Structures are given as structure tokens and as C-alpha cells.
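Subject: Structure handover

Hello,

Here is the structure I promised to pass on. Please load it before you read the notes below.

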Protein chains: 2
Amino acid sequence: MRIGVLGTGMVGRTIASKLAELGHEVRMGSRAAGTEAAVDWVADAGPNASEGSFGDAAGFGELLFNCTAGGASLEALAIAGEANLHGKVLVDVANPLDFSGGMPPTLSICNDDSLGERIQVAFPEALVVKALNTINCAVMVDPERVPGEHVVFVCGENAAAKERVTGLLGEFGWPGERIVDLGGIAAARGTEMYLPLWLALYGKLGTGDFNVTIARSG
Amino acid sequence: MRIGVLGTGMVGRTIASKLAELGHEVRMGSRAAGTEAAVDWVADAGPNASEGSFGDAAGFGELLFNCTAGGASLEALAIAGEANLHGKVLVDVANPLDFSGGMPPTLSICNDDSLGERIQVAFPEALVVKALNTINCAVMVDPERVPGEHVVFVCGENAAAKERVTGLLGEFGWPGERIVDLGGIAAARGTEMYLPLWLALYGKLGTGDFNVTIARSG
């Protein structure tokens with residue numbers, strides 16, 4: 001599949017590399033074509049990899065990943081161009097972390113709204129699926145780094161879009177029973193607001209190689 | 001031990017009943033002595049149980065549980081009387097849920113602050129330990145309702161206070177290795193902001209008999 005990955009940070013590079021390794025054609029997008037991070041990534045990632053502007057990557061992909069910094073995602077997607085998102089599955093991996101007040105970061109959107117919802121409202125013709133944002137990027141694409149029946153959450157308004165994302169997560173190594181569909185895109189409030197607990201656990205454990213398992217009766 | 005439990009809702013009654021069953025002397029506090037919920041609870045809970053005003057319960061207890069509704073906790077503690085909190089461990093179980101906008105609730109405090117922190121700031125001589133607020137009350141006092149190595153989080157500024165709470169959690173049935181100390185009281189932001197995810201999981205699973213396990217490498 002042709003996939004556009006917006007964002008050249010560690011999350012974007014990790015996801016894009018995994019997708020290219022799996023045989024997908026991947027175009028990484030950044031504010032302008034030819035950024036050092038993107039060009040380096042293309043050199044590393046092999047023949048399935050290309051790079052360009054946000055619009056280039058979004059136009060190229062049949063399915064898109066938003067891996068931009070959460071505080072910049074709405075602007076990045078606007079630059080990518082609404083027409084390039086139209087009818088496409090847009091996997092929103094970003095968290096709206098705000099580091100302007102120092103550490104720990106706060107969320108620039110939360111409580112009665114979420115980044116996932118804002119993106120869906122701003123781009124109503126995109127099929128937004130919030131996923132993977134509760135997990136360190138190394139674990140996102142290699143769940144076996146962490147033992148146990150830990151889970152990845154997905155939510156979004158479109159069932160077929162969530163099915164496609166579930167398929168891709170399966171390619172990443174996530175068994176179907178560990179992909180937890182939380183319902184509509186408003187559930188992104190839950191997965192984004194989990195970030196402060198994730199950060200506290202990261203501080204406690206000293207590693208990002210962890211995740212949550214849901215223990216339940218019955 | 002003499003324990004005061006502030007709040008006559010389901011969380012307060014469940015915790016107070018468990019404490020009385022364990023042999024502690026428990027006084028439940030509400031806005032005024034003699035509320036129906038408190039009087040009924042005393043009749044059920046046996047000879048270790050008594051009830052009174054917030055001040056009665058807080059004065060009685062060597063250790064206190066805040067089980068009032070999160071949006072009313074600061075006022076309830078003020079009514080209980082700062083002098084009655086002085087030097088005492090105050091286990092804050094409340095979540096600042098705001099139902100004024102309908103379902104799902106939002107948080108009346110979050111992101112750059114938390115109820116746990118607000119209570120510690122308002123009552124600097126109390127030894128606030130945030131705990132148990134990520135778990136359904138039936139599971140709080142009977143962790144074996146849910147199988148697996150699921151965890152309870154504690155945080156607070158005073159190590160000795162957290163030790164005492166850890167001891168009480170052990171009496172509730174929580175093994176030490178499943179009591180996760182997240183550090184200072186600011187980590188209450190993490191455990192309180194987890195609530196929207198808890199609510200989404202509750203909606204998905206159709207039961208409160210669940211909890212999270214931390215899966216980690218190494």
C-alpha cells in the first residue's frame with residue numbers, strides 16, 4: 001500500500017521504517033521537501049522510501065499517519081491540504097503535549113475535547129483513527145519488546161477505517177485480541193489524557209518499554 | 001486503628017465497611033450527623049462503626065479517607081476543620097468529576113493541577129496520599145475480584161504516610177509488588193486524568209471489574 005507519514009521526528013521515522021520494511025511504499029512528509037531528517041531516513045530505509053512536503057506525502061498515500069508534534073498537527077494537516085486527506089484513513093498517533101511550561105508537559109487540548117476530535121472536525125472528509133498514542137514508538141512497531149498481553153487502543157467514527165488500521169497493527173505484530181476498540185473519536189480524550197500517567201510511569205520505570213494490560217473478571 | 005471516612009456515597013461506604021470488617025474503628029462523616037446513608041451504614045457495619053459530621057469523623061480518625069465527591073472535597077475538608085487534619089494521613093480517593101455538562105463527565109481540575117495537589121496545598125499540615133482512585137470501589141477493597149497482577153497507584157509528598165497507606169492496602173488484599181508508588185502528589189494528575197480512559201473501558205467492557213496491569217520488559 002502507498003502510505004504517507006507526516007512528521008520526521010522519532011515517531012514518524014520509526015513507523016515509516018517499519019512500514020517500508022513490511023513492503024509498503026512510504027513517503028515521509030515534512031514542512032518542506034529535503035529536510036535533513038527526511039533525506040537521512042530515505043537513505044536508510046531503502047527502495048520503498050521517499051520524502052517530500054506534507055502535501056507530497058499526503059497526496060501520495062492511500063492511507064496517512066499523523067506523526068507530527070501534537071501542538072502543530074492541525075497546521076501541518078492544513079498545509080498538507082484538505083483535498084489530500086479526503087476519503088483517506090488518517091491514523092492520528094500524536095499527543096497534544098505542551099512543553100512551554102517546562103517538564104512535565106501539559107496537554108494543549110484536553111478534558112472536553114481532544115486532538116483526535118479536533119482533527120476530525122477540521123477535516124470532516126478524512127477518516128480519523130486515533131491509535132498507538134499510548135505507547136512508546138519502539139513498542140508501537142514491535143510489541144514483543146514488552147512481554148504480556150498488553151494492548152493498543154483504537155477509536156474513530158468509521159468502522160471500515162478502524163478495520164484497516166487493525167490490519168496494519170496486525171502487520172506491526174499486534175494480535176487482534178490486543179487491539180481494543182474504544183468506540184468513536186471522542187474516546188481520544190481518554191487515550192490522550194492517559195499521557196500524564198504514562199509519563200509518571202516512565203519516570204518510575206526508567207524505560208519506555210512498558211505498556212498496560214487490561215485485567216478483567218470473567 | 002481509628003479511621004475517619006468522609007463521604008457516605010458508594011465509595012465511602014465500601015471502604016468504611018471493609019475497614020470495620022478488618023477490625024478498625026471507623027467513623028463515617030457527612031455534612032451533618034444522622035444522614036440516612038450513614039445511619040444505615042452504621043446499622044449494617046456492626047460494633048466498629050459510628051457516624052457523625054465531617055468534623056466528628058475527622059477528629060475521631062488517626063487516619064482519614066476522603067471519599068467525598070471530588071467537586072465538593074475541598075469544601076468538605078474545610079468543614080471537617082483544618083485542625084482535625086493536622087499531621088494526619090489523608091488518603092484521597094476522590095476524582096474531580098464534573099457531570100454538569102452531561103455524560104461523559106469532564107474533570108473540574110486537571111492538566112496543570114489535580115485535586116490531590118489542591119488538597120495538599122489547602123491543608124499543608126495534612127499528609128495527603130492519593131490512592132485507589134483508578135479502581136472501582138468493589139475492586140479497591142477486594143482486588144481478587146479481578147484476576148492478574150493489576151496494580152494500585154499511590155503518590156504523595158510524605159514517605160512515611162505512603163508506607164502507612166501501603167500497609168492498609170495490604171490489609172485490603174493488595175500485595176506490595178502491586179502497589180506502585182508514582183512519587184510526589186503531582187502524580188495525582190496522572191491518576192486523575194486516567195479517568196476518561198477508565199470510563200471508556202467501562203463502557204466497552206460493561207463492568208467495573210477491571211483494572212490495569214503494567215507490562216514491562218526486563
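Where in chain A is Leu132(A) found? Leu132(A) is in the loop between strand E8 (127-131) and helix H7 (137-140). Helices (H or I, at least four residues) and strands (E, at least two) are DSSP runs, numbered from the N terminus.

First, the ground rules. This is a predicted model: local features need pLDDT of at least 70, side-chain atom pairs count only at pLDDT 80 or more, and totals for chains, interfaces and linings use all residues. Residues are numbered from 1 along each chain as its sequence is written, while chains are lettered from A and ligands numbered from 1 in the order in which they are written.

**Backbone points**

Leu132(A) has a positive phi, near 75°, and is not a glycine. It counts as buried because it has 28 C-beta neighbours inside 10 Å. The cut-offs: buried means 20 or more other C-beta atoms within 10 Å of the residue's own, exposed means 12 or fewer, and partly exposed lies in between, with C-beta atoms placed from the backbone.

Asn111(A) also has phi near 75°. Its place is the loop between E7 and helix H6 (115-122) of chain A. With 19 C-beta neighbours inside 10 Å, Asn111(A) counts as partly exposed.

The peptide bond from Met103(A) to Pro104(A) is cis, omega near -10°. Pro104(A) sits in the loop between strand E6 (97-98) and strand E7 (106-107). In chain B, a cis bond joins Met103(B) and Pro104(B), with omega about -10°.

**Chain A overall**

Chain A has 10 helices and 11 strands. Its radius of gyration is 16 Å, close to the 17 Å of the globule rule for 218 residues, so it is as compact as a globular protein of that length. The radius is taken over C-alpha atoms; the rule is 2.2 Å times the number of residues to the power 0.38. Buried residues make up 55% of chain A.

**Core**

The largest nonpolar core has 150 residues. Such a core is a set of buried Ala, Val, Leu, Ile, Met, Phe, Trp, Tyr and Cys residues joined through C-beta atoms within 7 Å. Among those with the most contacts inside it are Val5(A) and Val5(B).

**Two copies**

Best wishes
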